[in-house]
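Hello,

Here is the structure I promised to pass on. Please open it beside this message and read on below for what turned up.

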Amino acid sequence: FTFSLFDGSFREESFLKASNPGSGDRLGEAGLAVGIGVLVACAPSEDSIEGDETDDTRQDSGACYVFE
């Protein structure tokens, strides 16, 4: 979830998830990077291979996701 501060209270702005979420991927546990309008979240236990996120044969290969 992302939040913004408005009139002294935090409001939920959005819900972020990977384009190919999987049980146990651990999105956000390996690190987050935040910039103006950009957030990068890593999932160290993502299993897909580069170029085919539907192929989960590469166990714990990891992935990073960019949200704008």
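First, a term: a disulfide is a pair of cysteine sulfur atoms within 2.5 Å. This is a predicted model, so local features need pLDDT of at least 70, side-chain atom pairs count only at pLDDT 80 or more, and totals for chains, interfaces and linings use all residues. Residues are numbered from 1 along each chain as its sequence is written, and side-chain values use heavy atoms, with hydrogens and water left out.

The disulfide

The structure holds one disulfide. Cys42 and Cys64 form it, with 2.2 Å from S to S. The link of Cys42 and Cys64 is right-handed, with 90° about the S-S bond. Cys42 sits in strand 4 and Cys64 in strand 5, so the pair ties together parts that are 22 residues apart in sequence. Strands here are DSSP runs (E, at least two residues), and helices are runs of H or I of at least four, numbered from the N terminus. Cys42 is buried, at 17% relative accessible area. Buried means under 20%, exposed over 50%, and partly exposed in between (1.4 Å probe, protein chains only).

The fold

The chain has five strands and zero helices. Its radius of gyration is 14 Å, well over the 11 Å that the globule rule gives for 68 residues, so the chain is more spread out than a compact globule. That radius is taken over C-alpha atoms, and the rule is 2.2 Å times the number of residues to the power 0.38. The C-alpha atoms fill a box of roughly 50 × 20 × 20 Å along the principal axes. Buried residues make up 18% of the 68 residues.

Two loop residues

Most residues other than glycine have a negative phi. Arg26 has a positive phi of about 65°. Arg26 lies in the loop between strand 2 (9-14) and strand 3 (32-35). Arg26 is partly exposed, at 40% relative accessibility. Asp60 also has a positive phi, near 55°. Its loop runs between strand 4 (38-43) and strand 5 (63-67). Asp60 is partly exposed, with a relative accessible area of 43%.

Where does Cys42 lie, and where does Cys64? Cys42 lies in strand 4 and Cys64 in strand 5.

Best wishes
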